[in-house]
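I am opening a notebook on this structure and will write down what I look up, entry by entry.

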Amino acid sequence: MDVLLFIQYIRIQWGEKDMEKKNRLVFTRSNAAAKRKFDEAITILEYSVMLVEFFGLQEFNNIIAGQLRLILCETKNTRIKREKVTIDQSLIKKINPNPKLYPIKDSNQMSNDHITEELFDYTKQRIELKLWRNQIIHKIDIEGKTQEIKVIDFIKETANKIGGAHAESSFPNKSIISDGHTKIILIGIAKALFKSIGRDYKKHASLNLSHIMQKIEQSTLED
């Protein structure tokens, strides 16, 4: 092959490779796509809460915990200039850089006897996500010592344990809390999220039930 033709061939090949690299770099999730992903996660969460609450399908606690983690607590550890940095990748932050949610009621931070679904105070001002995640959602005495668990830790611990995201628990003593109150606390957190973003859970639950009934009726008629 002529030397000039060979050089031109090499340039073309490298040019194509550079173009491929550039094409790989330009694909980022748009704001509209992030909103669709958020809406999808909220819908999945809504159906899952409904299935646990109305039909007693405890298996869907797994889905509730996973979606709460994805929406509110998803993080990624990386390094920037050799320094370890935690990046917040929560879906709610992707559609709202400064989301705010209703705070926990003080009376519900104590013993097992006080755990109810009404964990959050909707009469108070909403607070920023970071502060909200670090609230103490429950306390329990274990072996004579008071153990506390934060909202973010409860969600992650529950998602890891019943969802199988990790083989081992990061704080096994506190996992006892989630064992006894998984359903009620998960549903309480989910409903607080719905309320915080202005979503009418009861209305949507009714629509979701109607949708399921219609699908069942259509399936029966087709058979």
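Which exposed residues does the face of α8 turned away from its buried side carry? I find K202, K203 and L221 there, where exposed means over 50% relative accessible area, buried under 20% and partly exposed in between, with a 1.4 Å probe and protein chains only.

I note that this is a predicted model, in which local features need pLDDT of at least 70 and side-chain atom pairs count only at pLDDT 80 or more, while totals for chains, interfaces and linings use all residues. Residues are numbered from 1 along each chain as its sequence is written, and side-chain values use heavy atoms, with hydrogens and water left out.

Next I looked up the buried residues of α8, which are Y201, A205 and N208. They lie on the same side of α8 because they cover an arc of only 65° around the axis, the arc being that of the directions from the helix axis to the C-beta atoms.

I then turned to S196, which lies in helix α7, residues 175-196 (helices are DSSP runs of H or I with at least four residues, strands runs of E with at least two, numbered from the N terminus). S196 counts as buried because its relative accessibility is 4%. Leaving aside neighbours within four places in sequence, I find S196 in contact (heavy atoms within 4.5 Å) with K100, L101, Y102 and R126.

My last entry concerns strand β2, residues 83-88, which is hardly covered, with a count of 0 buried residues among its 6. Strand β1, residues 75-80, pairs with β2 in the antiparallel sense over 6 bridges, pairing requiring that DSSP finds at least two bridges.
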